[in-house]
Amino acid sequence: MHLRPFISFVTIFALLPACNLFTVYQPEQTSLPTTQMELTLSEKSPDANAAPEYDAVKAKSKDGQIVQIDITLLFKIDPTMGDHIREKWGERYIEDFLTPTLRHTTEAAISAYTARQIYGEGRLDLINTLQTTVNENISAEGFVFQDVLVRNITFEASFIATVESEYALPQTQASPTP
């Protein structure tokens, strides 16, 4: 039997034909924190025993390159939406809602840019897109968005080698020969 935390149940025990005993069951209320919290998806998790769902986000860019990104979400729980979060997600709101939402939003944002854009001038646009989209997605469920921190964006070795060779080529042509 599923008990909703905000409903009281009354049980009546018939002791004698003229005497009844009422017992009120009031489930324990769990309080949700309203202070700033963080959720980090990172290759090097601060917790050595972290579950795989907290690994860094790996996604394909628009041009098919694999991009790996460490990302941290800073958020709060809206105190007026605590009952909604408790009823819908329970104490697993991080595992069941925030982690998949942050992961999916990051993958979708990366897929909208080429690896060269993410490597260069498009990185700020990517971060702005992430902030806007994550804010929209979590605000609807009662979470207050504070920030998204993007760190350690890594690319495939073949992409890095191509970029480095393109950068080195103009330097060797411009340098005078003795």
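Ground rules, for my own record. This is a predicted model, where local features need pLDDT of at least 70 and side-chain atom pairs count only at pLDDT 80 or more, while totals for chains, interfaces and linings use all residues. Residues are numbered from 1 along each chain as its sequence is written, and side-chain values use heavy atoms, with hydrogens and water left out.

**Overall layout.** I noted five helices and six strands in the protein chain; helices (H or I, at least four residues) and strands (E, at least two) are DSSP runs numbered from the N terminus. Along the sequence the pattern reads β-β-β-β-β-α-α-α-α-β-α. Of the 178 residues, 31% are buried (under 20% relative accessible area; exposed is over 50%, partly exposed in between, with a 1.4 Å probe and protein chains only). I also checked contacts (heavy atoms within 4.5 Å): among those between residues at least 6 apart in sequence, 69% join residues at least 24 apart.

**Back to α2.** I checked its length next. The helix covers residues 93–110, and at 1.5 Å a residue its 18 residues should span 26 Å; the end C-alpha atoms are 24 Å apart, which agrees. The expected span is 1.5 Å times one less than the number of residues. Buried residues in α2 include Y93, F97, L98, T101, L102, T105 and I110.

**α2 against α4.** Which way does α2 pass α4, right-handed or left-handed? The crossing is right-handed, a label given when the near helix is turned clockwise from the far one by less than a right angle, with anticlockwise being left-handed. On the α2 side, F97, L98, T101, L102, T105, T106, A109 and I110 make the contact, and on the α4 side L126, T129, L130, T133, V134, N137 and I138 do. α4 is residues 123–139, and the two helices pack at an angle of about 145° with axes 10 Å apart. Axes here are lines fitted to C-alpha atoms, for helices over the stretch in contact, and angles run from 0 to 180 degrees between N-to-C directions.

**β5 and its partners.** I then went to β5, residues 66–77. Ten of its 12 residues are buried, so the strand is largely enclosed by the rest of the structure. Strands count as paired if DSSP finds at least two bridges between them.
- β3 (residues 37–41) pairs with β5 in the antiparallel sense over five bridges; M37 stands opposite F75 and T40 opposite T72. Four of the five residues of β3 are buried.
- β4 (residues 57–60) also pairs antiparallel with β5, over four bridges, and A59 has V67 as its bridge partner. Their hairpin has five residues between the strands, and G64 there takes a positive phi near 90°.
- β6 (residues 143–155) runs antiparallel to β5 and is joined to it by 10 bridges; L73 stands opposite V148.

**Q117.** My last stop was in α3, residues 115–119, where Q117 lies. Q117 is partly exposed, with a relative accessible area of 31%. Leaving aside neighbours within four places in sequence, Q117 is in contact with A112, G122 and R123. K62 is 55 residues from Q117 in sequence and 9.7 Å from it in space, C-alpha to C-alpha.
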